Amino acid sequence: MRSHSSVAALIVAAGRGTRAGGDMPKQYRSIAGSPLLGLTVRSFLRHDRVDGILVVIGEDDRSRYDAAITPSDKLLSPVVGGAVRQASVLAGLEALAATAPDIVVVHDAARPFASAELIDAAIDAVSGGGLAAVPGIAVVDTIKAVDGNGRVTATPDRAGLRAIQTPQAFAFAALLDAHRRAAAAGIAGLTDDASVMEWAGHAVAVFPGEAGNVKLTHPEDFDAAERRMNGVTAMNDVRVGQGYDVHAFTAGDHVWLGGVRIPHDRGILAHSDGDVVLHAATDAVLGALSLGDIGTHFPPSDIQWKGVSSDRFLAHAARLLADRGGRLAMLDVTVVCEAPKVGPHREAMRERMAAILGVTPDRIAIKATTSEQMGFTGRREGLAALAVATIRLPGE
């Protein structure tokens, strides 16, 4: 039976993931052009039974989070976790306590392949009055218990064993109470939320998990995930869109380019903030999706867009791309102007645009040229930008 209960997803992303290698926490590493955390969150953003999503992040990870996640009305502001997973989940539950959803689904950031059907199964498993349910995979290998010297001490019957995954679903009030009690008792080493519920004396049900719902832990896991994203997902519908924008100069002391405020002896005459780079990029993505142009989605006749930051336009195009299950392969932008100089601000523009689009900066190219003092840009009457976006959509 489908539930009409309110459901929140809690994504745990505060760990360091050192076993995966690399120079950053594993949840922010790129897979097939998208940050791991962004892929994981996307599964819940698309799910129509999930009402809100809260991500628990590391203390120093806010900028990484902003770069990895495409804004959405479903996303709540992230909260900072603790030194261990148990503390991080408690921090997330406390942040959700103000709205107190009926059901909370807790999921590891490092599991990007949880299907909509698995999320459904988790929610269904507690919708009928149960307090806790977790996905489990039957163990096919013989399991040995060993002591500190590596000697076998027992061989448990594998028929009664399950390898437990996430998403794990719980009655929110019961899980929050169990975590609070465990914290008050000084219990801090429990490795999943089912263990917290077991410690608190609650029954935990197990429903079938998915073999493909793997947790990325080691470098080879990322290699396999990369192959899977490029193969099984079949992102072979490659499309290219172009965009062009131009604005005249007016009195002022700065211009916006690529989401970056650049000091200048002129301003921009525009309905919004006049960011020609973001406008051209937005049109390029919309063009690749065959979804019209920026004026179709944000008419200049509508007063609500007057003076608005153009970040919102590009973020909207990014959401439309994500809704189609697609991803940005490359965005190439050329700015045409005599001044200001773009070079000193190029990297800041790439980083800002990558954050808006939910990709890594290596997928954003920013170039600049002049018109050799010819035409309106040569006469310093204004500036222009051209953009080409290459996207991938699920194909045959």
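Figure 1. Leaving aside neighbours within four places in sequence, A188 is in contact with V84 and Q86, where contact means heavy atoms within 4.5 Å. This is a predicted model, in which local features need pLDDT of at least 70 and side-chain atom pairs count only at pLDDT 80 or more, while totals for chains, interfaces and linings use all residues. Residues are numbered from 1 along each chain as its sequence is written, and side-chain values use heavy atoms, with hydrogens and water left out. A188 is found in the loop between α5 (172-184) and α6 (193-199); helices (H or I, at least four residues) and strands (E, at least two) are DSSP runs, numbered from the N terminus. The C-alpha atoms of A188 and A83 are 9.8 Å apart in space, although the two residues are 105 residues apart in sequence. With a relative accessible area of 44%, A188 is partly exposed. In these legends, buried means under 20% relative accessible area, exposed means over 50%, and partly exposed lies in between (1.4 Å probe, protein chains only).

Figure 2. Helix α5 has 13 residues and reaches 18 Å from its first C-alpha to its last. This span is close to the 18 Å expected at 1.5 Å a residue, the expected span being 1.5 Å times one less than the number of residues. Which residues of α5 are buried? They are F172, A174, L175, L176, A178, H179 and A182. What covers these buried residues includes α3 (85-96), β6 (103-108), β11 (168-171) and α6. After α5 comes G186, whose phi is positive, near 80°.

**Figure 3. The salt bridge between E94 and R180.** A salt bridge is a side-chain nitrogen of Lys or Arg within 4 Å of a carboxyl oxygen of Asp or Glu. In the pair formed by E94 and R180, the closest N and O atoms are 2.8 Å apart. This pair links distant parts of the chain, with E94 in helix α3 and R180 in helix α5, 86 residues apart. Both residues are partly exposed: E94 has a relative accessibility of 34%, and R180 has one of 41%.

**Figure 4. The salt bridge between D124 and R49.** A search of the whole structure finds 15 salt bridges. In one of them, the side chains of D124 and R49 meet at 2.8 Å, N to O. D124 lies in helix α4 (residues 116-127) and R49 in the loop between α1 (36-45) and β4 (52-57), so the pair ties together parts that are 75 residues apart in sequence.

Figure 5. The side chains of R350 and E347 meet in a salt bridge of 2.9 Å, N to O. Because R350 and E347 are 3 residues apart in helix α11 (residues 346-357), they are separated by about one helical turn. R350 counts as buried at 18% relative accessibility, while E347 is partly exposed at 44%. Salt bridges that share partners also join R85, D108, R111 and D193 into one network.

Figure 6. P167 is found in the loop between β10 (162-164) and β11. Another cis peptide bond joins A339 and P340, with omega about 5°. P340 is found in the loop between β17 (327-336) and α11.

Figure 7. S290 has a positive phi of about 60° although it is not a glycine. This residue, S290, lies in the loop between α8 (276-288) and α9 (294-297), and at 59% relative accessibility S290 counts as exposed. E372 is likewise a residue other than glycine with a positive phi, near 55°. E372 lies in the loop between β18 (364-369) and α12, and E372 counts as exposed at 62% relative accessibility.
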